[in-house]
Each structure stands twice: as structure tokens, then as C-alpha cells.
Amino acid sequence: MIRNEKNSGRYPPPFPPTKNHPGFTLVELLVVIAIIGTLVAMLFPAVQASREAARRMKCANNLKNIALALHNYQNANGSFPPSFSIEPGTVQPGKNGSWSVHGLILPFLEQANAYDMVDLTRPWSEQIDSSVPPMKIPVYFCPSEIHNFPRTKNGEPYTHPITYGFNCGTWLIYDPKNKHNKGDGVFYANSHTTVTEIRDGMSQTLLAAEVKAFTPYFRNTEDPGPEVPFTAGEITALASGASFKVGPSTNSNTGHTEWCDGRAHHTGMTTVFTPNTVVPYTHTDGNTYDVDYSSWQEGKSATQPTYSAVTSRSYHPGIVHAAMMDGSVHSIHEKIDLDVWRAMGTRASGHSEISITAGSWEDF
């Protein structure tokens, strides 16, 4: 017999009741992802700006320490160190001559161990095996510099670059024929500049400024003469017959790659051009390089003077950091007036007032 009874609850209904569960639709999910992406994009520049501000402060602090070391050297020796110490025409092929200011002040930068490992009376290139030339001295290197690695030779670390060049003056930096015809900066070959010789004022005279590592440059040209160039074209017009240190690989561009070498194109800067000025030169390899220039390597010739356009450059947008001879550090705008910049590079030109009235900088 078939029972025709209503379900008494002993069996579940064939289809259980459904419930509404909250969730995201695909469109809502895409909207959320887009919002998050927008917020991250908005936050990223702020993070980058914060990091750059920290790098700028570290860079300025490096220059403060370098300035302090220079003054401690001066207190111990009675004068500031020379950029290069050499007898005219005595640098032999394959020898790189005397040590830089960077090498001479090592004991005053808590680098006495490195200083004790080398002999500063011998060419630094003879002492590669000491492991000192390839060393990175942190205070000589800006944290914003993108080429943070040694220069190599035959596949091995050879030297480490620097990003702070000492003030070699305006244009003429060395004349082997006439010891009285010398650079107008604080540091030049065989110099022993005293405080009293800086007659433009310690607070108005450059000590050092930022430079970029692995800078393309050319050198060893005909004598360009004493007239200071005003345009990049005047520099690149001197390239005929020059020796080039440029190339598509970073290691081919060797300016400011030898912290221990005293020549201007390695550890100096000049004020021919204002900071971050581009000096474009199109090489025979088809590439255009932003170049520095030295008419002749200091010490290589007994007759040829050295004129240099070694521009202060940095990776800090719109500015370079510079230390003055009084130890102060400033952020120098790349649009600073050229006359002001050149006046800051001289030690005794009588133009000290120009930088007081027209200087363009931010104090640290």
C-alpha cells in the first residue's frame, strides 16, 4: 500500500534552502586593484624623494668630513696638500705619478691602516698589490652615484672611482716651464697653499665639489692657449689628434676612476663651466659623450702646460654639493651665474664680493 502522507520531517527536503553569501564581483575586484595601484603610484615618488633627501644629507656629510680632514692636514703640516707632486717631464710610460689629495689625507679620515700600507713617495701604480688603490673609501663616494664599483684592468679590480674633486681653479692648472705661472685654485701641482694665500676669503673659495665617476674625457692635445673657453664647442673643437678615454662600456670612460691619482681629470674639478653643464662630443664610434678635457697630463711633459675643463656634476637633480675652504657645505644650483662660479674657484683673484652678492646656494 502506498502511503500518501505529508513529509513528517523525518526526511530532508529534496532542495535545501539557499543563503546569500557576500562577495566581490570581478568588476569590483578590478576596481580595488586599480585603486591600490594608484595609491602605490602616488606613494612611490614620495618614497623616492625621501630616499634622495637622505642621500643628499649623506653626500653633504661626506664633504664636511673631507673639509675637516683637509684642515687637520693643514694644522699638522702648515699648508694644504698639493694636487700632484712631480718634477716636470719625469712621469714614465705606465707610471701614474704621485698620490692625490685623497691619498694624503687618509690618516685624518680614520684610514690610517690604508695609509700605512703604501709609500706615498713612490708612484701609486707600483703599489696595486697592496690592495689599497682598488679600495672603496666610503667618504669619497656619493650614495647617489650609479657606478658603484671598481674600475678593472685585465679583468681584475684596479682602482676605485671617487665623486668629489678638489678645486684646481679655472682653466690653467699647471705650467712646467714657469713655477710662477700656476693654477688659480687652491690645489695644483707642487702647491703648498697656506691660509693667508686664500685672499678671496675662506668662505668664498671652493674646496671641493661633486663629480661623476667614470667620466668620458680626452687629453694630450695642442696647446689651447690661456683664454678660458665659454662654450662646449670650444672644448670639443680641440679633439683633433687627442687621446680619448671614451667608449660604450662604462670601464672605457676612465675620468674620476683613480682616487689615488693626483691629476685633475681623476681627482679634481675646474670652473670653466657651471655645474652639470653638458659638453657633448660625438665620437667616431657614433655615440655622443658628455666629456671632460685636459690639454696635457700633469708631469708628462717638461714644456706643455695643462689646461683643464673638468666639470662638476652630480646625480642630485638640479644641484651639486660643494665644500668651501671654511669647511661649510652648500647645495649649488646648476643655474648659478658663471662669473660667480668662476670667482668661487679662485683663491686670490680679488673677486670675493661677487660670490657674496650673487651666490646661489642652500646651506647645510
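Leaving aside neighbours within four places in sequence, Leu 207 is in contact (heavy atoms within 4.5 Å) with Ile 66, Ala 67, Leu 70, Gly 165, Phe 166, Asn 167, Phe 187, Ala 323, Met 324 and Met 325. The model is a predicted one, in which local features need a pLDDT of at least 70 and side-chain atom pairs count only at pLDDT 80 or more, while totals for chains, interfaces and linings use all residues. Residues are numbered from 1 along each chain as its sequence is written, and side-chain values use heavy atoms, with hydrogens and water left out.

Leu 207 is also among the residues with the most contacts inside the largest nonpolar core, together with Ile 66, Leu 70, Ile 105, Tyr 140, Phe 166 and Trp 259; this core has 50 residues. Two or more residues each are given to this core by helix 1 (26-77), helix 2 (101-104), strand 3 (164-167), strand 5 (206-210), strand 13 (319-324), strand 14 (329-333) and helix 6 (338-345). Helix 1 supplies the largest share, 8 residues. Apart from this core lies another, of 18 residues, among them Leu 172, Val 228, Ala 242 and Ala 309. A nonpolar core is a set of buried Ala, Val, Leu, Ile, Met, Phe, Trp, Tyr and Cys residues joined through side-chain atoms within 4.5 Å. Buried means under 20% relative accessible area, exposed over 50%, and partly exposed in between (1.4 Å probe, protein chains only). In soluble globular proteins, nonpolar side chains tend to be buried together.

The protein chain contains 7 helices and 15 strands, taken as DSSP runs numbered from the N terminus (helices H or I, at least four residues; strands E, at least two). Of its 364 residues, 49% are buried. Among contacts with a separation of 6 or more, 74% join residues 24 or more positions apart. The accessible surface (Shrake-Rupley method, 1.4 Å probe; for residues, only the protein chains shown count as cover) comes to about 17,800 Å², with 55% belonging to carbon and sulfur atoms.

The structure holds 0 disulfides, a disulfide being a pair of cysteine sulfur atoms within 2.5 Å. The cysteine sulfur closest to that of Cys 59 is in Cys 142, at 3.7 Å, which is too far for a bond. Cys 59 is buried at 0% relative accessibility, and Cys 260 is buried with a relative accessible area of 0%.

Asn 276 lies in the loop between strand 8 (268-269) and strand 9 (280-282) and counts as buried at 18% relative accessibility. A polar atom of the Asn 276 side chain is 3.0 Å from the backbone nitrogen of Ser 314. Beyond residues up to four places away in sequence, Asn 276 touches Thr 311, Ser 312, Arg 313, Ser 314, Gly 318, Ile 319, Val 320 and Glu 334.

Most residues other than glycine have a negative phi. Phe 214, in the loop between strand 5 and strand 6 (217-219), has a positive phi near 55 degrees and is buried at 5% relative accessibility. Asn 220, in the loop between strand 6 and helix 4 (232-236), has a positive phi of about 60 degrees and is buried with a relative accessible area of 12%.

The average pLDDT (the predictor's confidence in each residue, from 0 to 100) is 85 for the protein chain, and 83% of the residues score at least 70. Over residues 355-359 the pLDDT is below 50, and this stretch has 7 contacts in the model beyond near neighbours in sequence.

Notes:
Polar contact = N/O pair within 3.5 Å; in protein donor to acceptor, adjacent residues only side chain to side chain.
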